[in-house]
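The following questions and answers concern one protein model. Please consult the sequence and the structure shown below while reading.

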Amino acid sequence: AKLCVCDLLVAQCDANCCCDPDCSADDFSLFTTCSVPVVTGDSQLCSQKAAVYSLDVEANPPERIFKLIDQVNPSIFCIHATNYKEALYLKSPEIPTPENFDRLLDKFGGATFRAEPDSWNLDTDAQNPPDANETYRYEYGVPVQTEDAFLKLPSPVVSSWCSDANPAGFLVNQATKCIRSVSVEKCDSIQALSMLFYINSSILASVFQVNITVQSIVVQSQNGMRTLLSSSDVLRLPMVLDGLCINAVLGVNYHITHTDTGEIIEAAAAFVLGAISKEALSIEQSFEISFTQENTQPVPLSGNPGYVVGLPVRAGFRPRGYPFPAGFLFAALALSSNKHSQLTILQSTSTQDCLAAQGARAPVLFGYNMISGCKLRITAAMKCQPLAQTLLDVLKGQSFPEYVASFGNSQAQDVLDWVPITQLHISEQMISNTLQSSCQIPVSLGIEVKWTKYGSLVNPQARIVNVTATITTTTLKQLPSGRERIIPITTSVVFTDISSPAEPGYKAWPTINIKLPFDFFYPFV
């Protein structure tokens with residue numbers, strides 16, 4: 001059942017999916033074919049069991065036929081036994097630091113080093129049975145299992161009403177809002193209004209189940225004022241008091257911590273509780289779930305893996321004086337508008353005053369061409385060099401990043417997943433009939449982001465391949481006393497898709513109409 005690729009619906013029968021364990025004999029009688037007739041494990045194994053499915057359409061009613069056969073791989077380069085279990089999972093390498101550098105150098109610094117286990121166990125049947133010491137290692141999108149079913153994240157399905165049948169997928173950050181029908185008289189018996197409904201199931205993660213702990217409790221008054229309770233140890237269950245249903249769950253925020261091999265090690269829930277008046281027939285509930293790898297700082301992602309249109313372009317810095325390419329340090333900028341290490345531009349204000357707009361930044365959103373600006377009023381009393389530096393801070397911000405993430409989920413330690421920002425300077429002349437002395441001041445910042453479609457043609461992912469920031473300066477001659485001048489200052493962002501088809505008249509690559517094996521250099525580039 002774990003190898004059934006057509007089993008997409010949780011706890012429901014998928015049409016024509018003969019290997020779906022949720023399907024009954026009545027469901028099989030309505031099938032027209034078996035979409036997946038053969039189910040096997042790793043195709044590179046020399047010998048393995050294969051499940052073969054078919055339909056007996058002559059029976060009344062039609063029924064499914066199941067056979068278990070021994071399948072032999074004719075290739076001489078097949079795998080006899082998968083006895084090195086660590087090779088089945090990708091573990092992130094240990095990043096060198098000043099503390100562990102000497103130890104890593106002793107281990108891997110020689111001409112040869114040993115990476116395989118001390119002994120090979122070819123008798124795979126003699127190993128512990130999977131149920132005796134099973135570890136749940138999740139893959140992306142797989143529903144998070146609990147002891148009774150799966151972790152539920154209520155969401156609207158057809159209408160805006162809440163459905164509790166929506167499973168939370170591993171590494172899939174979600175945020176939903178839906179409407180729940182309530183009755184104040186019965187609020188203490190409505191499960192979806194109680195904290196216990198969201199934490200009473202343990203997550204199947206390893207030999208020991210992971211309990212969902214209460215991280216925080218926020219109480220919201222009827223006028224919207226929120227108060228964080230000092231203690232979250234005591235559960236607050238819904239109850240009727242003075243015609244109000246108090247301690248009703250208005251929002252739940254799950255936070256899941258996992259290892260780099262996909263094993264869940266911690267789960268917490270933050271609650272927002274509120275009161276419901278007897279006149280209310282329904283309430284709006286909000287739910288959110290996020291995932292963080294252990295020993296890493298939670299950084300908002302902008303896609304997985306490719307960028308999603310409308311999400312911020314992620315940026316960062318290379319640590320100064322770091323002796324090895326261990327990764328990037330996400331900037332903790334003083335500007336609150338850039339606290340998540342995003343590429344930003346000047347944010348237009350209602351006053352259009354450049355000196356007043358200093359510090360106001362807007363994130364660059366992937367796929368959105370943007371332009372903003374302000375007006376600079378120059379007087380004769382202004383000094384050239386301080387003015388030029390102030391304008392540069394207005395255009396670039398106090399800490400302009402050096403690198404941009406090529407993917408929406410690029411990690412800080414993956415150095416090759418970060419694209420350096422190329423900075424250019426262009427000078428232009430401004431004609432003036434005033435005094436002879438002059439200086440150069442920046443007047444515009446233009447950012448061009450080139451991206452391409454990467455991966456499978458069926459589901460291409462947006463990848464940034466080049467970023468250029470161009471500062472344009474102009475010559476400003478000093479004004480006579482009592483004179484003023486207004487100069488426009490602009491910033492712009494342009495996204496260019498360099499994976500577009502060739503223009504007419506250019507020679508394009510030929511089209512080859514063939515079908516390649518499913519594992520042929522996947523993903524396609």
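A polar contact is a pair of N or O atoms within 3.5 Å; within protein, one atom must be able to donate a hydrogen and the other to accept it, and residues adjacent in sequence count only if both atoms are side-chain atoms. The model is predicted: local features need pLDDT of at least 70, side-chain atom pairs count only at pLDDT 80 or more, and totals for chains, interfaces and linings use all residues. Residues are numbered from 1 along each chain as its sequence is written, and side-chain values use heavy atoms, with hydrogens and water left out.

Q: Which residue joins its side chain to that of serine 201 in a polar contact of 3.5 Å?
A: Serine 201 lies in the loop between helix H3 (196-199) and strand S7 (212-220). Helices (H or I, at least four residues) and strands (E, at least two) are DSSP runs, numbered from the N terminus. The side chain of serine 201 makes its polar contact of 3.5 Å with that of asparagine 200.

Q: Is serine 201 buried or exposed?
A: Buried means under 20% relative accessible area, exposed over 50%, and partly exposed in between (1.4 Å probe, protein chains only). Not counting residues up to four places away in sequence, serine 201 touches Thr146, Glu147, Asp148 and Ile212, where contact means heavy atoms within 4.5 Å. Because its relative accessibility is 15%, serine 201 counts as buried.

Q: How many bridges join strand S2 to S3?
A: Two strands pair if DSSP finds at least two bridges between them. A hairpin of six residues leads from S2 to S3. Alanine 50 has isoleucine 69 in S3 as its bridge partner, and alanine 51 stands opposite leucine 68 in S3. S2 (residues 47-56) and S3 run antiparallel, and the number of bridges joining them is ten.

Q: Which strands stand at the edges of the open sheet?
A: The open sheet has three strands in the order S1-S2-S3, with antiparallel pairing. Two of these strands each have a single partner, so one side of each is left without a neighbour in the sheet; they are S1 (38-39) and S3 (63-72).

Q: How far apart are the end C-alpha atoms of helix H4?
A: The expected span of a helix is 1.5 Å times one less than its number of residues. Helix H4 (residues 384-396) has 13 residues, so it should span 18 Å, and the distance between its end C-alpha atoms agrees: 18 Å.
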